[in-house]
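Please study the sequence and the structure shown below. The exercises that follow each set a task and then work through its solution.

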Amino acid sequence: MKKYSKENVQTVLKMAWPSVLESFFVALVGMVDSLMVSRVGAHAVAAVGLTTQPKFIGLAMFIAVNVSVSALVARRKGQKNRRGANEVLCAASVFVLVMSVLVSLICVAFADPIIRLCGSEEASHTEAVQYFRIIMGFIIFTVVSLVVNAAQRGAGNTKIAMKTNVAANVVNVIFNYLLIEGHFGFPALGVSGAAIATVIGSVVGCVMSLAAACKGDFISLPYMWKEKIRPTLESAKSMVKIGSSVLAEQLLVRVGFLSVAVMAAKMGTAAFAAHQVGMNVMSLSFSFGDGMQVAAVALIGQSLGAKDVEMAKKYGGICQNIGRMIAVVLAVIYLSSGAFLYRLFFTEPEIIAMGVEIMRVIVVVVLLQIAQVIYMGCLRGAGDVIYTTIASTISVTIVRPIASYLLCYTAGLGIIGIWFGVCADQLVRFILTSLRFRSGKWTKIKI
């Protein structure tokens, strides 16, 4: 860190801390969700876990839109092009409103076969279907909030996204308490109560995001209304250029994630419950890398928009160094607290024993994971999405399932073999993204 100026480091920290806090809190609430649901039983944890990958497949196109919105708004901010940035948000908003309705209808109608395809057992199938239908039926509130916050992050307004997501998740936890087991006269709805609580939190987040955009400076709904901004062909083309590659990446990646999740589900309810908590822990560590990734996307996009390549490289290096320090701290915590963490969720000795072994693998995973996530953010901020798609496809869609299958079944390692496959995926992504970042080719891409 000594080779970077104090001012540059402070700029990164100022941009990053709201996003790190936001991502951490979202992941923490996901873990608290599982903890609250675990009071119903291991089958309930498995039921919620079964919906994770199909949910993200349904969200794939919206995630792709959000990546393109953040990258394009950041570039327009660097160019001091306020109108162009708001045109991007306008085009994205129209798209997500239409597509969210279509996705909701499909997911609600076909929830039963979708969850069965994910490897559900009878003990968890019905609850998983109910949870999935509620979550996906009201996905419009989530995606509207996501796209508005993506534009705010690209403009550097990371505190706005942090406030809306923290508030939404606090509401989620409160209604989890009220609706899962039934408190203060509310009905005990179990897994369905957790889904309803998530939807209520999403509604709150959506309202707050829109309210913030009504009072914004660079990203502003009143400005869009006053200037009669409409979706333009140019903004749509720019979004398609970035978003199409990210969408392909998301879909291919989810194929890899889903295939491994099905393998884990086939190991039985107990093993899958242990696996799901491990995935929650991994999401917690991912949140730190994701927060630094948000800062990298915004700062690198703005620097390249201002044609300052060296500054873009500096910001990428600073984000990476901060990420390394965070990863080491998390690895030490995970190594020392694996058994304690799993005892919070389960009383069954066999699940706790599996959990301890999973946590030992996660210690290695977190060191690779945070680094590759930040490198991915640097490349995406520059618009180098074709490379990130190729890297993710190789690592997640090919390496993770093959390694997991060979280690789980052929080598007979069971659920731990699947986690060694996850580790192999993270290693490959780290190697591919770090080599690309150091090559500097990402600095020459036009968006």
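**Exercise 1.** What is the length of the polar contact that joins the side chains of Gln293 and Asp290?

*Solution.* The model is predicted: local features need pLDDT of at least 70, side-chain atom pairs count only at pLDDT 80 or more, and totals for chains, interfaces and linings use all residues. Residues are numbered from 1 along each chain as its sequence is written, and side-chain values use heavy atoms, with hydrogens and water left out.

Step 1. The side chains of Gln293 and Asp290 are joined by a polar contact of 2.9 Å (a pair of N or O atoms within 3.5 Å; within protein, one must be able to donate a hydrogen and the other to accept it, and residues adjacent in sequence count only if both atoms are side-chain atoms).

Step 2. The side chain of Gln293 also has a polar contact with that of Arg380, at 3.2 Å.

Step 3. Gln293 belongs to helix H12, residues 269–305 (helices, H or I, are DSSP runs of at least four residues, and strands, E, of at least two, numbered from the N terminus).

Step 4. Gln293 counts as buried because its relative accessibility is 10% (buried means under 20% relative accessible area, exposed over 50%, and partly exposed in between, with a 1.4 Å probe and protein chains only).

**Exercise 2.** Determine which residues are linked with Glu87 in a network of salt bridges, and describe the pair Glu87 and Arg83.

*Solution.* Step 1. The structure holds 8 salt bridges (a side-chain nitrogen of Lys or Arg within 4 Å of a carboxyl oxygen of Asp or Glu).

Step 2. In one network of salt bridges, Glu87 is linked with Arg83 and Glu227.

Step 3. Between Glu87 and Arg83, the closest N and O atoms are 3.4 Å apart. These two residues stand 4 residues apart in helix H4 (residues 82–109), so about one helical turn separates them.

Step 4. Glu87 is buried because its relative accessibility is 14%, whereas Arg83, at 32%, counts as partly exposed.

**Exercise 3.** Describe the salt bridges of Arg116 with Asp112 and of Glu357 with Arg360.

*Solution.* Step 1. In the salt bridge of Arg116 with Asp112, the closest N and O atoms are 3.8 Å apart. Both residues lie in helix H5 (residues 111–117), 4 residues apart, about one turn of the helix.

Step 2. Arg116 has a relative accessibility of 41% and therefore counts as partly exposed. Asp112 also counts as partly exposed, at 32%.

Step 3. The side chains of Glu357 and Arg360 form a salt bridge of 2.9 Å, N to O. Helix H14 (residues 349–381) holds both, 3 residues apart, about one turn of the helix.

Step 4. Glu357 is partly exposed, its relative accessible area being 34%.

**Exercise 4.** Which residues form a positive surface patch, and which make a nonpolar surface patch of about 820 Å²?

*Solution.* Step 1. Patches are made of residues with over 30% relative accessible area and no salt bridge; like charges are joined within 9 Å, and nonpolar side chains (Val, Leu, Ile, Met, Phe, Trp, Tyr) within 5 Å. Accessible areas come from the Shrake-Rupley method with a 1.4 Å probe, and for residues only the protein chains shown count as cover. Lys and Arg count as positive and Asp and Glu as negative, while His and the chain ends are not counted. The place of a charge is taken as NZ of Lys, CZ of Arg, CG of Asp or CD of Glu.

Step 2. The positive patch consists of Lys14, Lys159, Lys163 and Lys215. Lys215 lies in the loop between helix H9 (191–214) and helix H10 (221–226), and is exposed because its relative accessibility is 71%.

Step 3. The nonpolar patch is made by Met267, Ile386, Ile390, Ile394, Ile398, Ile402, Tyr405, Leu406 and Tyr409. Met267 sits in the loop between helix H11 (233–265) and H12, and counts as partly exposed at 32% relative accessibility.

**Exercise 5.** What is the phi of Phe184, and what is that of Lys228?

*Solution.* Step 1. Most residues other than glycine have a negative phi.

Step 2. Phe184 has a phi near 55°, a positive value in a residue other than glycine. Phe184 lies in the loop between helix H8 (158–179) and H9, and counts as exposed at 71% relative accessibility.

Step 3. The phi of Lys228 is likewise positive, near 55°. Lys228 is located in the loop between H10 and H11, and is exposed, with 61% relative accessibility.
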